[in-house]
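Let's take a walk through a model together. Have the viewer open and follow along.

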Amino acid sequence: MASTAIYVEAINQAIMEEMERDQSVFIMGEDIRRSVYGATAGLLDKYGENRVLDTPLSENGFFGAAIGASLVGMRPIVETLTSFMWVAMDQLVSQAAKMRYMFGGQATLPVVYRATMFYGGGSAAHHSDRSYPMFMNMPGFKILVPATPRDAKGLLKTAIRDNDPCIVFEDGTLGGATGEVEEGDAALVPFGVADVPRSGSDVTVVAIAGAVPMALRAAEELEEDGVSVEVIDPRTLVPLDKSTILESVAKTGRLVIADPAHKVCSAASEIASIVSQEGFWDLQAPIMKVAAEQVHIPYTPVLERLVYPSSEKIADAVRVTLED
Amino acid sequence: MENVSKEKLVQMLERMWLIRHFEVRVMEVHAAGEFTGAAHPYIGEEAVAVGACAALEDTDYIAGNHRSHGHPLAKGGSVKRAMAELYGRVDGYCKGKGGSMHLADFSIGILGESGIVASSVPVATGAALAAKIRGEDFVSMVFFGDGASNQGACHESMNLAALWSLPVIFLCENNQFAVTTSYHDSVSVEHISDRAAAYNMPGVLVDGQDAVAMYEATREAVARGRAGEGPTLIEALTYRYEEHSLGLGRVRRGEYRTQGQIDEWRERDPIDVLEHTLTTQGILTREECDAISKAKADEVDEAVEFARNSPYPEPEELYDDMWADPIPLP
């Protein structure tokens with residue numbers, strides 16, 4: 001049955017439903033029992049201290065402990081912020097990503113890392129990371145970037161049931177976004193299937209995470225100018241639904257990619273590379289990337305707002321693709 | 001000693017000889033160019049893994065490090081599959097994808113060796129966490145060196161394990177050197193086992209050349225773990241006879257130890273120590289000890305032949321084993 005939820009409640013519902021469904025699911029992280037970010041509210045009362053673990057500030061230690069637990073049959077969920085993942089990179093990269101392949105398929109690691117991206121709110125350089133491109137560069141992770149409550153819930157549920165290491169990049173700028181969510185198995189959202197929240201015929205905008213609502217606003221604005229924009233939300237970056245993107249570009253001939261992460265070697269770069277190689281003859285204009293400027297995140301709002309994509313920047317890029 | 005069965009003692013000697021012959025043959029065939037890549041001989045340290053693993057069941061877990069051949073063989077891993085892995089063949093433990101530093105056999109609790117120093121310490125801690133959450137009585141043991149004892153991963157894991165009373169045995173193989181750096185130059189305490197006090201767990205200093213002492217110390221730590229009394233740090237004092245890795249002697253500039261020191265440790269060779277115990281106690285004769293050595297040398301020869309005859313993987317196997325739930329290639 002569908003109901004309305006905000007993004008962070010949808011995450012909470014996913015965890016609740018999957019912990020109820022499967023005893024091997026447990027969650028660990030810093031300050032999750034008191035749920036300082038809201039996503040783990042009520043878990044302690046319902047599932048107890050054994051399955052809801054507050055950890056010391058030891059990311060490398062407990063990210064790795066999640067891996068070890070997953071190897072012997074548990075399904076851990078780890079809550080963290082993107083910026084704390086740097087502290088645990090050895091466990092993420094040397095172990096989580098590589099273990100299965102390195103051991104010839106003997107290791108199965110059903111572990112989920114939920115990493116919130118807090119950016120755009122004056123958190124400055126140490127707390128504003130949007131690090132999914134760096135993990136896309138490392139084989140071994142499934143990478144999810146939900147932009148709606150429905151996908152935040154559905155992708156997380158699918159990730160918990162998946163048997164490989166998954167990283168869910170939860171977009172803090174969308175924490176209060178409202179939308180419809182389903183319950184139980186009906187809520188599951190498959191990996192590798194893009195969403196097309198708006199159909200159009202002139203220009204394709206592929207938007208990632210927090211850029212999705214910006215792209216939709218830009219599309220509305222451009223419609224007033226008689227420009228029809230198709231918005232694609234890949235929802236998962238690994239695996240990436242490239243056929244939906246290529247089919248859209250075959251129809252529109254024009255592509256803008258909106259990505260809140262740094263623009264060099266980014267998800268946007270990868271999508272541009274795929275389309276330039278596999279959809280080259282469909283293109284009628286250069287591909288435009290609207291990604292974060294290649295600079296650290298400044299604290300002061302007057303500078304910070306210059307860094308990220310915006311609906312204005314996306315609309316401008318769309319217009320560029322339409323220039324003769 | 002009175003509480004150690006004859007069967008157990010003989011098995012320990014067998015596994016120590018198996019590791020010794022395995023490593024000697026690895027050095028020979030590597031020097032002959034039969035396979036390439038890094039390998040780190042465990043010669044001189046056999047009593048540590050063998051004594052410790054003798055205290056475990058197949059349902060218990062181990063994880064290890066780059067000095068990686070002794071641990072799986074000590075836990076009962078297949079010598080043929082281990083050798084075939086070093087040769088990069090399909091019959092290797094990891095189908096040729098892991099090599100020397102990543103031997104693993106999940107079917108008997110060997111959760112894999114790790115090439116990054118201290119990186120498997122959190123992983124083993126997590127296996128122990130699963131035991132606690134599920135209320136089961138298996139334990140987890142992790143082998144790491146004196147060098148690894150300085151890594152944050154080690155300290156974070158020890159704190160977690162003690163905080164949560166996890167059944168994990170932190171087994172520090174202090175072989176005196178991290179590549180060329182003496183632990184006296186890198187560790188702030190006299191003994192690495194002293195660090196256990198900082199995490200409110202027992203720290204035990206053991207003669208790592210004595211397999212029986214290793215077995216007894218580990219057995220006690222395992223019993224604590226199974227009883228829900230938490231982790232133990234065991235420091236095994238041992239010695240690496242060979243260079244850090246095969247071939248390093250050819251490129252290294254500058255000495256870091258004397259022949260006198262090596263000879264001194266060789267005088268207490270772990271195999272000699274156990275054989276002395278077994279023969280003086282009348283458990284085995286000299287001839288029986290020699291027969292064990294010969295049998296294990298033959299087993300290693302067979303493993304080398306097995307590895308040589310095992311095929312290399314096919315090119316289409318490149319992408320296999322990436323995913324448990326496969327996704328399309330990018």
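This is a predicted model: local features need pLDDT of at least 70, side-chain atom pairs count only at pLDDT 80 or more; totals for chains, interfaces and linings use all residues.

Residues are numbered from 1 along each chain as its sequence is written, chains are lettered from A and ligands numbered from 1 in the order in which they are written, and side-chain values use heavy atoms, with hydrogens and water left out.

Start in chain A, where five strands make up an open sheet, ordered 9-11-10-13-14, with mixed pairing. Strands here are DSSP runs of E with at least two residues, helices are runs of H or I with at least four, and both are numbered from the N terminus; two strands pair if DSSP finds at least two bridges between them. At the edges sit strand 9 (195–198) and strand 14 (288–292) of chain A, each pairing on one side only. Strand 13 (residues 255–262) of chain A runs parallel to strand 14 of chain A, and five bridges join the two. Look there for I257(A), which stands opposite K289(A) of strand 14.

Now the loops. Between strand 12 (236–238) and helix 9 (242–252) of chain A lies P239(A), and its peptide bond with V238(A) is cis, with omega about 0°.

Which non-glycine in chain B has a positive phi? That's N200(B), at about 60°, in the loop between strand 6 (181–182) and strand 7 (203–207) of chain B. N200(B) counts as exposed, at 73% relative accessibility (exposed is over 50% relative accessible area, buried under 20%, partly exposed in between, with a 1.4 Å probe and protein chains only).
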